[in-house]
Amino acid sequence: MANVVVVGSQWGDEGKGKIVDWLSEQADVIVRFQGGHNAGHTLVIGGVTYKLSLLPSGVVRPGKLSVIGNGVVLDPQALVDELERLAAQGVVIGPERLRIAENVPLILPLHRELDALRESGSAGTRIGTTKRGIGPAYEDKVGRRAIRLVDLVDAEALPAKVERLLSHHNLLRRGLGMEEVKAGDLVAELLAIAPKILPFMDRVWELLDRARQDGKRVLFEGAQGALLDIDHGTYPFVTSSNTVAGSAASGTGIGPGSLDYVLGITKAYTTRVGEGPFPTELKDADGERLATRGREVGVVTGRARRCGWFDAVLVRQTVRTCGIKGIALTKLDVLDGFTELKVCVGYKVDGREVDYLPAESGAQARAEPIYETMEGWQESTAGARSWVDLPAAAVKYVRRVEELIGCPVAVLSTSPERDDTILVHNPFQD
């Protein structure tokens with residue numbers, strides 16, 4: 001049986017939560033490998049809606065092990081709050097159901113404060129962060145001064161590590177006119193929350209190696225989308241981690257040879273939250289219709305998502321950078337009722353036609369979409385569970401998408417409900 005990596009093939013919000021939960025029925029272990037609680041997943045199971053930010057999407061399934069890998073940045077209080085929200089819905093998560101990498105970096109209040117100040121003071125050049133401290137936490141990780149989960153074990157050694165962190169942050173805070181953080185206060189705060197999160201700590205690299213040797217099926221879940229990757233995305237309007245499939249290995253400690261199948265979650269149109277280039281963005285009635293029908297509001301932030309036609313150029317590029325073998329096409333039902341649909345098949349940049357997204361931010365902003373127009377359909381695709389339930393024009397649309405991105409549809413989703421899914425190819429049986 002294959003181990004499967006799930007990534008978003010666009011700018012996030014593609015419907016990964018439902019697909020990961022649907023796939024997790026076949027998995028033994030579900031792992032988050034990057035990002036933080038800036039990611040949002042909505043699951044609808046048996047009419048009950050669960051909103052997750054930090055926890056893996058398979059966590060609501062009994063009998064499954066959920067894991068948070070070292071590639072994630074973990075806000076301890078956000079974790080506790082999310083566990084409490086789930087408990088209020090009748091889903092109690094204990095250490096037997098959730099394990100967290102001992103070397104995961106922590107998001108602290110000072111990270112959130114710095115993130116918010118930077119974003120609020122960057123008029124005209126905002127990145128569009130969620131102001132939850134994700135970027136500053138990753139900066140500290142790379143700067144080799146982060147406080148990691150395992151650091152909370154030794155109360156005597158923790159103050160020296162906090163002092164090292166604050167020697168950097170208090171210098172920044174003085175320059176920004178912010179009050180300095182007292183080491184004793186931060187140490188006390190960390191030691192107070194430690195008993196709530198340390199029971200979940202584990203050597204994730206070893207846990208996953210044992211799972212591999214035991215023949216268990218592992219599902220690796222990414223956050224955001226590949227176009228927000230710090231290296232391969234629309235820089236600088238990106239997140240602070242590597243969101244492409246390759247980071248499933250580095251973000252968990254499992255060897256890349258154990259990653260067998262990459263499934264790219266792909267929305268049947270395109271959306272984006274926050275700032276940055278968006279060649280196919282619609283600022284007309286069609287865009288409003290997509291937003292309304294698709295309920296395009298961010299799970300975590302509540303921000304409205306920008307909407308546009310499907311961009312085959314971007315997804316084709318992501319198929320290559322992530323090694324995607326099959327896509328899960330979601331929200332096809334949102335396109336019901338359109339007389340005609342458009343698909344971006346190329347760009348015109350400064351009068352020259354190109355079939356890729358340029359790396360330079362200015363060129364990205366100047367990219368003009370080259371559209372191919374397709375016939376829409378008036379029948380409903382909502383809730384379809386078989387190809388025969390789909391209108392002929394909808395099937396034609398899906399097939400054209402496959403041709404343009406150079407990758408087959410493995411899964412087709414026709415509503416937020418878990419069972420409203422058409423399985424073409426099971427990734428776990430690759």
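Does S415 count as buried or exposed, and at what relative accessibility? S415 counts as buried, because its relative accessibility is 12% and the cut-off for buried is under 20%. The model is predicted. The chain holds 12 helices and 18 strands. This briefing starts with the whole chain, then turns to one helix and a few single residues.

**The whole chain**

- The chain has 430 residues and a radius of gyration of 22 Å, which agrees with the value near 22 Å for a compact globule.
- Along the principal axes, the C-alpha atoms fill a box of roughly 65 × 50 × 40 Å.
- Buried residues account for 57% of the 430 residues.
- Take the contacts between residues at least 6 apart in sequence: 76% of them join residues at least 24 apart.
- The accessible surface is about 17,300 Å². Carbon and sulfur atoms hold 49% of that surface.
- There are 51 positive and 57 negative side chains. The centres of these two sets lie 1 Å apart.

**Helix α10**

- Helix α10 covers residues 312–322. This helix is mostly covered, with 8 of its 11 residues buried.
- The buried residues are A312, V313, L314, V315, R316, T318, V319 and C322.
- In an α-helix there are 3.6 residues a turn, so residues three or four places apart point the same way.
- At the start of α10, a side-chain oxygen of D311 comes to within 3.1 Å of the backbone nitrogen of V313.
- Just after the helix, G323 has a positive phi of about 65°.

- S415 sits in the loop between β17 (409–413) and β18 (421–423).
- The side chain of S415 makes a polar contact with the side chain of D420, at 2.6 Å.
- Leaving out residues up to four places away in sequence, S415 touches K18, D333, G383 and D420.
- G376 is found in the loop between β16 (368–375) and α12.
- G376 counts as buried because its relative accessibility is 7%, and buried means under 20%.
- Beyond its neighbours within four places in sequence, G376 is in contact with F338, T339, E340, L341 and A393.
- G376 and S247 are 129 residues apart along the chain, and 38 Å separates their C-alpha atoms.

**Backbone details in loops**

- The peptide bond from Y235 to P236 is cis, and its omega is near 10°.
- P236 belongs to the loop between β8 (218–221) and α8 (247–250).
- D13 has a phi near 65°, a positive value in a residue other than glycine.
- The loop that holds D13 runs between β1 and α1 (16–24).
- D13 is partly exposed, with a relative accessible area of 24%.
- R144 has a phi near 65°, again positive in a residue other than glycine.
- R144 lies in the loop between α4 (134–142) and α5 (158–175).
- R144 counts as exposed because its relative accessibility is 70%, and exposed means over 50%.

Key
Residues are numbered from 1 along each chain as its sequence is written. This is a predicted model: local features need pLDDT of at least 70, side-chain atom pairs count only at pLDDT 80 or more; totals for chains, interfaces and linings use all residues. Side-chain values use heavy atoms; hydrogens and water are left out. Buried means under 20% relative accessible area, exposed over 50%, partly exposed in between (1.4 Å probe, protein chains only). Helices (H or I, at least four residues) and strands (E, at least two) are DSSP runs, numbered from the N terminus. A polar contact is a pair of N or O atoms within 3.5 Å; within protein, one must be able to donate a hydrogen and the other to accept it, and residues adjacent in sequence count only if both atoms are side-chain atoms. The radius of gyration is taken over C-alpha atoms; the globule rule is 2.2 Å times the number of residues to the power 0.38. Contact means heavy atoms within 4.5 Å. Accessible areas come from the Shrake-Rupley method with a 1.4 Å probe; for residues, only the protein chains shown count as cover. Lys and Arg count as positive and Asp and Glu as negative; His and the chain ends are not counted. The place of a charge is taken as NZ of Lys, CZ of Arg, CG of Asp or CD of Glu.
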